Amino acid sequence: MPDISNAELMTVGSDEVVVTCSTDADTTISISMGDHEVTTTGQYHSARITGLEPATTYRLEVDGAVPPEEWLPAEVTTLARPAGRLLATVATANDVHFGETQCGLMGHPGEIGPVFRAEPGATPYPELMNRAAIAEIQALEPDAIVVKGDLTDRGTEAEYAAFLDAYETLGPRMRHFRGNHDAMITQTIASDEAPYAIELGGVTLAVIDTVVPGIDRGAISAQQLSWLDDLADETTQPVLVFGHHHPWNPASPKRSATYFGINPDDSDALIALIGRREAIAGYFAGHTHRNRVRRFTGARNVPIVEIACVKDYPGAWAEYQVYESGYTQVVRRIADMRALAWTEKTRGMFDGLYRDYALGSLSDRCFTQSF
């Protein structure tokens, strides 16, 4: 039997499952779900099993692995598919960090490591990871692509030009906005459009700017909240809201003026707005480099989402399938072999704690939400 490590149930959709793992050497392994089976060959494996039935439980079997393990259950239930026609498909990416040369740093003394860099002469890892993500997004052929900030590492014009050179290959359906890294030394990078709406058949994408130039913390101006309020009031279709920073938890007993996401006052205003505007069906951020979903009663328990970064483990981007009665979110791990090699290495950041932080639970990555 092959010697398998880091076997993870990465993605579960309404008709598919993706399992990733690595082996000590180039090996062929088999992964099966009921009567469905695929084989993969190499040292790094991304096995996508398709043709499954929605809301159906299957037994999962992986050569050399003995489920149940922490990240590899013995049985998997596919997502329910929302009723009605598929109306639109949206892809998102965030925290792409063109220009970054080392990862695993927290930006302060006492770093716990390890720190990882591309090998001398190798393709810079932001270029490698993003080009691979772009190829997968192109293959999906979504109706819209939204890149949710931290386009650059230090916010230089050269780094922004590198981002545009890569992502503009996706054409006019690609829209982007700034994150905190993009506004550390200038206010000109990707700052002149938000807020704006992207109208698709069956759904409206609402983009807001949560950046406070010069710091890593977030905010939402009163003008943007008013714009979003009017949009959600006047629309005839569901609204998905996108920003770089995540909101503060209104149930937290201690309000923090230095909260890493959107400050408590502006978070309260956003959550109250979502609570009174039933058209809003979710808020989607990046910034934290992890997959996480929270639901607040004041926001009608719609998903408040964070998606992990493209540039290192797990090497993520997200797909949204919008139907007449709801939508599904599936987080995808970039399957290019060189990308998998890099993300297998970087899972060990922060003294081995990064995997548990960044990956999140399966329900943080993949879910169905009704309108």
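## The six-stranded sheet

In this predicted model, an open sheet of six strands runs in the order S8-S7-S6-S15-S16-S17 with mixed pairing, where two strands pair if DSSP finds at least two bridges between them. Helices (H or I, at least four residues) and strands (E, at least two) are DSSP runs, numbered from the N terminus. The edges are formed by strand S8 (174–177) and strand S17 (367–370), each of which pairs on one side only, and from one strand to the next the twist averages 20 degrees.

Within this sheet, strand S6 (residues 86–93) and strand S15 (residues 316–323) are paired in the antiparallel sense over six bridges, with leucine 86 opposite tyrosine 323 in S15. Helix H2 (residues 157–167) lies across S6, strand S7 (144–148) and S8, and runs at about 160 degrees to S8; axes are lines fitted to C-alpha atoms, for helices over the stretch in contact, and angles run from 0 to 180 degrees between N-to-C directions. Contact here means heavy atoms within 4.5 Å.

## Helix packing

Two packed helices are described by the angle between their axes and the distance between the axes. Helix H1 (residues 125–140) packs against helix H5 (residues 337–346) at an angle of about 130 degrees, the axes being 9 Å apart, and H1 and H5 are therefore oblique to each other. In this classification angles under 35 degrees count as roughly parallel, over 145 as roughly antiparallel, 65 to 115 as roughly perpendicular and the rest as oblique. On the H1 side the contact is made by Tyr125, Leu128, Met129 and Ala132, and on the H5 side by Arg338, Ala339, Trp342 and Thr343. These residues of the contact of H1 with H5 divide into six nonpolar, one polar and one charged, where Ala, Val, Leu, Ile, Met, Phe, Trp, Tyr, Cys and Pro count as nonpolar, Asp, Glu, Lys and Arg as charged, and the others, Gly among them, as polar.

Helix H3 (residues 222–234) and helix H4 (residues 264–276) pack at an angle of about 10 degrees with their axes 10 Å apart, which makes H3 roughly parallel to H4. Here Leu225, Leu228 and Asp229 of H3 meet Ala269, Leu270, Leu273 and Arg276 of H4, so that by class the contact of H3 with H4 has five nonpolar, no polar and two charged residues.

## Aromatic pairs

Rings of Phe, Tyr and Trp (its six-membered ring) pair if their centres lie within 6.5 Å, and planes under 30 degrees apart count as stacked, over 60 as edge-to-face and the rest as tilted; by this rule there are 13 aromatic pairs. For phenylalanine 98 and tyrosine 167 the ring centres are 6.4 Å apart and the planes stand at 85 degrees, so the pair is edge-to-face. Because phenylalanine 98 lies in the loop between S6 and H1 and tyrosine 167 in helix H2, the pair ties together parts that are 69 residues apart in sequence.

## Backbone exceptions

Most residues other than glycine have a negative phi, and most peptide bonds are trans. Alanine 190, in the loop between S8 and S9, has a positive phi of about 50 degrees although it is not a glycine. A cis peptide bond joins alanine 194 and proline 195, with omega about 5 degrees, and proline 195 lies in the loop between S8 and strand S9 (196–200). The bond from tyrosine 313 to proline 314 is also cis, with omega near 0 degrees, and proline 314 is found in the loop between strand S14 (304–306) and S15.

## Basis of the values

Residues are numbered from 1 along each chain as its sequence is written, and side-chain values use heavy atoms, with hydrogens and water left out. Since this is a predicted model, local features need pLDDT of at least 70 and side-chain atom pairs count only at pLDDT 80 or more, whereas totals for chains, interfaces and linings use all residues.
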